[in-house]
Amino acid sequence: MKLSEIKPLLTENKELSFQLPDGTLVPEHFHVTEVGKVTRHFIDCGGTERKEEVINFQLWAADDYNHRLHPEKLLHIIELSEKVLGLTDAAIEVEYQGDTIQRFGLAFDGKGFLLTGKQTDCLAKENCGIPEKNQN
């Protein structure tokens, strides 16, 4: 999901919920502790220079049960981040504390937000001799 896709959803919905890939919900008293711009500048294993930018939301569930985050508050944080950080319409990644910090993609199912699994991949398969998977 891109930044331009989440903003109307925050306007249209009265509550925020995030569901983990295993179906459990992030506790409803979570906070979004960060909205950030993360830029990666790297060289893949084939020697190609690459740049990647994502928008990062960090979710945190503390023992504060009285301050549930509402969509309009998250929208305000996003709008402030756009001005201060110069956010582009990049993909959103969500960090959440599991056994370690986990990173997820973001989707919406019509009711709530879904934290989707992410996978690593070789970006230079042709240079590494890794055969492409047969799509049949």
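## A tour of salt bridges and a helix pair

Start by selecting Lys 125 and Asp 121: their side chains meet in a salt bridge, with N and O 2.5 Å apart. The term salt bridge is used for a side-chain nitrogen of Lys or Arg within 4 Å of a carboxyl oxygen of Asp or Glu. Side chains of opposite charge can pair when their charged atoms come close.

Before moving on, a word on what you are looking at. This is a predicted model, where local features need pLDDT of at least 70 and side-chain atom pairs count only at pLDDT 80 or more, while totals for chains, interfaces and linings use all residues. Residues are numbered from 1 along each chain as its sequence is written, and side-chain values use heavy atoms, leaving out hydrogens and water.

Now colour by accessibility. Buried means under 20% relative accessible area, exposed means over 50%, and partly exposed lies in between (1.4 Å probe, protein chains only). Lys 125 counts as buried because its relative accessibility is 18%, whereas Asp 121, at 55%, counts as exposed.

Next, select Lys 118 and Glu 93. Their salt bridge has its closest N and O atoms 3.1 Å apart. The pair links distant parts of the chain: Lys 118 sits in the loop between strand 6 (113-116) and helix 3 (125-128), and Glu 93 in strand 4 (residues 92-97), 25 residues apart. Helices (H or I, at least four residues) and strands (E, at least two) are DSSP runs, numbered from the N terminus. Lys 118 is partly exposed at 40%, but Glu 93 is buried at 6%.

How many salt bridges does the structure hold? There are seven.

For a further stop, pick Arg 50 and Asp 44, a salt bridge whose closest N and O atoms are 2.7 Å apart. Arg 50 is partly exposed at 27%, and Asp 44 is buried at 9%.

Finally, show helix 1 (residues 3-12) and helix 2 (residues 71-85). Their axes come within 9 Å and cross at roughly 145°. Axes are lines fitted to C-alpha atoms, for helices over the stretch in contact, and angles run from 0 to 180 degrees between N-to-C directions.
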